[in-house]
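Subject: Structure for you to look at, with notes

Dear colleague,

I am handing over the structure below, and my notes follow it. Please keep the viewer open while you read, as the notes go element by element.

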Amino acid sequence: LFPPGIDFIRAFLGCLYAGVVAVPAYPPRRNRGAERITRIIADADATCVLTTSAAAATLPSFESRGRALPVLHVAAAQSVGDAFVPSPLTGSDLAFLQYTSGSTGAPKGVMVSHDNLLHNLETIRQSFSMSDTSVFVGWLPAFHDMGLIMGVLAPLLYAARIVLMPPTAFTRDPLAWLDLATRFS
């Protein structure tokens with residue numbers, strides 16, 4: 001549960017590296033959204049919550065399997081050195097669960113395998129001729145499938161430059177996004 005920013009990206013990539021199924025979601029706001037997150041946690045059978053210290057202070061307690069979920073604060077990236085050996089994965093292994101907004105009902109999860117993800121990333125590369133000279137300027141939140149896959153993962157995989165602005169900055173001033181695109185492209 002991360003607000004937009006580098007902490008989300010670090011945690012998501014850490015989950016992929018560790019072979020842990022990520023479930024990207026935005027932290028609930030004061031007295032709003034906790035029910036949605038509770039449903040996602042139950043449906044995904046989550047075992048812990050990753051978030052920032054600041055976001056953790058605002059979260060209600062969550063339960064899964066009748067016990068409180070641990071809330072792990074993700075700090076600045078640290079080298080894991082030789083101590084950690086990632087689990088071997090196959091293409092059919094689950095990479096992450098992508099949940100719908102639940103705006104018209106309970107959130108529904110879509111299982112995205114590593115093969116699904118890599119196929120989608122390759123399709124994006126071909127469709128947009130993405131390369132290490134490309135620049136992507138985006139505003140979609142990273143917990144949104146398009147924001148995550150096209151706005152973060154594709155540029156990272158193909159060594160493109162990424163310029164992200166907070167979604168709230170875009171909604172306040174959509175022209176700022178066009179200004180960024182002009183400045184950085």
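Helices (H or I, at least four residues) and strands (E, at least two) are taken as DSSP runs and are numbered from the N terminus. This is a predicted model, in which local features need pLDDT of at least 70 and side-chain atom pairs count only at pLDDT 80 or more, while totals for chains, interfaces and linings use all residues. Residues are numbered from 1 along each chain as its sequence is written, and side-chain values use heavy atoms, with hydrogens and water left out.

Helix 5 and its surroundings

Helix 5 is followed by alanine 159, which has a positive phi near 60°.

Helix 4 packs on helix 5 at an angle of about 85°, and their axes are 10 Å apart; the axes are lines fitted to C-alpha atoms, for helices over the stretch in contact, and the angles run from 0 to 180 degrees between N-to-C directions. The two helices are therefore roughly perpendicular to each other, in a scheme where angles under 35 degrees count as roughly parallel, over 145 as roughly antiparallel, 65 to 115 as roughly perpendicular and the rest as oblique. On the helix 4 side the contact is made by Leu117, Asn120, Leu121, Ile124 and Phe128, and on the helix 5 side by Ile149, Met150, Leu153, Ala154 and Leu157.

Helix 1

Helix 1 covers residues 6-18, and its 13 residues reach 18 Å from the first C-alpha to the last, close to the 18 Å expected at 1.5 Å a residue, the expected span being 1.5 Å times one less than the number of residues. Its buried residues are Phe8, Ile9, Ala11, Phe12, Cys15 and Leu16. They lie on the same side of helix 1, because they cover an arc of only 170° around the axis, the arc being that of the directions from the helix axis to the C-beta atoms. The cover over these buried residues includes strand 1 (49-51), strand 5 (94-99), helix 4 (114-128), helix 5 (145-157) and strand 8 (161-164). Just after helix 1 comes glycine 19, with a positive phi of about 75°.

The axes of helix 1 and helix 5 come within 12 Å and cross at roughly 70°, which makes helix 1 roughly perpendicular to helix 5. Phe8, Ile9, Phe12 and Leu13 of helix 1 make this contact with Leu148, Val152, Leu153 and Leu156 of helix 5.

Leaving aside its neighbours within four places in sequence, serine 134 is in contact with Ser129, Ala160 and Arg161.

Two further residues

Glycine 109 is found in strand 6 (residues 109-113) and is partly exposed, with a relative accessible area of 39%. Apart from neighbours within four places in sequence, glycine 109 is in contact with Asp43, Gln98 and Tyr99. Threonine 171 belongs to helix 6 (residues 167-172) and is exposed, at a relative accessible area of 58%. Threonine 171 and glycine 138 are 33 residues apart in sequence and 12 Å apart in space, C-alpha to C-alpha.

Notes. Buried means under 20% relative accessible area, exposed over 50%, partly exposed in between (1.4 Å probe, protein chains only). Contact means heavy atoms within 4.5 Å.
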